[in-house]
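Work through the exercises below with the sequence and the model open. Each task is followed by a solution in steps.

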Amino acid sequence: MDGFTLLKNAHAKKQLKVTFEIPIEGHKIPVILTVGDRLAIAETQDRIYQIYYSEYQEKGLDKKPVNEIDFEAELDRFKDDADTLKILKDQKPKNLADQMAKKYSRLRTIQEVIPGFLKNPDGTPFLKTEEQKLEMQEIIKEDNDLWILLAGKYTELFIKAKDIETAVKN
């Protein structure tokens, strides 16, 4: 076995990932998100956020205070997910434009972006066509439990990656 093959095999064994199951009608579908996915998802989420923030800023919403009722409702939605709840509290919006841009970029990320990065345990894409991705988006919109599961697993992957980054810095 050559050196590169050894390196690839070692990397595959230590690859940072979140493996979980999507429960559907008594079945459990195993899927994976990897740290590489986290980076691509975060980049897309940031682009979506910037577009929304710019639009809301043009409407003057950056001069308006945070809607505390909506913020508390957002926190309540994740009351059973301590990690996501902590991140939301730590990243409390600075103004209404920020609040709305964060909210809608997060919604779109969970409904539209994350599904495209789900993989089967063998590393192949879970959703193989654009039609399947669009159908999955509709399923997520209508299934709050699935929405919360995907949000939580993305947060878990984000935290694992941050822990590794912190360890490397130290």
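Buried means under 20% relative accessible area, exposed over 50%, and partly exposed in between, with a 1.4 Å probe and protein chains only. By this rule Arg 106 is buried, because its relative accessible area is 17%.

The model is predicted: local features need pLDDT of at least 70, side-chain atom pairs count only at pLDDT 80 or more, and totals for chains, interfaces and linings use all residues. Residues are numbered from 1 along each chain as its sequence is written, and side-chain values use heavy atoms, with hydrogens and water left out.

**Exercise 1. Describe the overall make-up of the protein.**

Step 1. Helices (H or I, at least four residues) and strands (E, at least two) are DSSP runs, numbered from the N terminus. The protein has 7 helices and 2 strands.

Step 2. Read from the N terminus, the order of elements is α-β-β-α-α-α-α-α-α.

Step 3. The protein has 170 residues, and 37% of them count as buried.

Step 4. Contact means heavy atoms within 4.5 Å. Taking contacts between residues at least 6 apart in sequence, 68% join residues at least 24 apart.

**Exercise 2. Determine how helices α3 and α4 are arranged, and list the residues that make their contact.**

Step 1. Two packed helices are described by the angle between their axes and the distance between the axes. Axes are lines fitted to C-alpha atoms, for helices over the stretch in contact, and angles run from 0 to 180 degrees between N-to-C directions.

Step 2. For α3 (residues 68–77) and α4 (residues 82–90), the axes come within 9 Å and cross at roughly 160°.

Step 3. Angles under 35 degrees count as roughly parallel, over 145 as roughly antiparallel, 65 to 115 as roughly perpendicular and the rest as oblique. The helices α3 and α4 are therefore roughly antiparallel to each other.

Step 4. On the α3 side the contact is made by Phe 71, Glu 74 and Leu 75, and on the α4 side by Leu 85, Leu 88 and Lys 89.

Step 5. Ala, Val, Leu, Ile, Met, Phe, Trp, Tyr, Cys and Pro count as nonpolar, Asp, Glu, Lys and Arg as charged, and the others, Gly among them, as polar. The residues of this contact divide into 4 nonpolar, no polar and 2 charged.

**Exercise 3. Characterise the largest cavity and the largest pocket.**

Step 1. Rolling a probe the size of a water molecule over the atoms shows where empty space is left. On a 1 Å grid over the protein atoms alone, a cavity is a set of points where a 1.4 Å probe fits but cannot get out, and a pocket is an open set with protein on both sides within 12 Å along at least five of seven lines; lining residues have an atom within 4 Å of a point. Grid points are joined across faces, edges and corners, and a volume is the space filled by probe spheres set on the points.

Step 2. The whole structure holds 1 cavity of 30 Å³ or more, and the volume of the largest cavity is about 120 Å³.

Step 3. Residues lining the largest cavity include Glu 74, Leu 88, Lys 103 and Arg 106. Helix α5 gives the most to this lining, with 4 residues. By class, the lining has 3 nonpolar, 2 polar and 5 charged residues.

Step 4. The largest pocket has a volume of about 490 Å³. Its lining comprises 19 residues, of which Gln 45, Ile 87, Gln 91, Arg 106 and Tyr 154 lie nearest the centre. Elements that give two or more residues to this lining are α2 (35–58), α4, α5 (96–113) and α7 (144–169).

Step 5. The pocket lining divides into 9 nonpolar, 7 polar and 3 charged residues.
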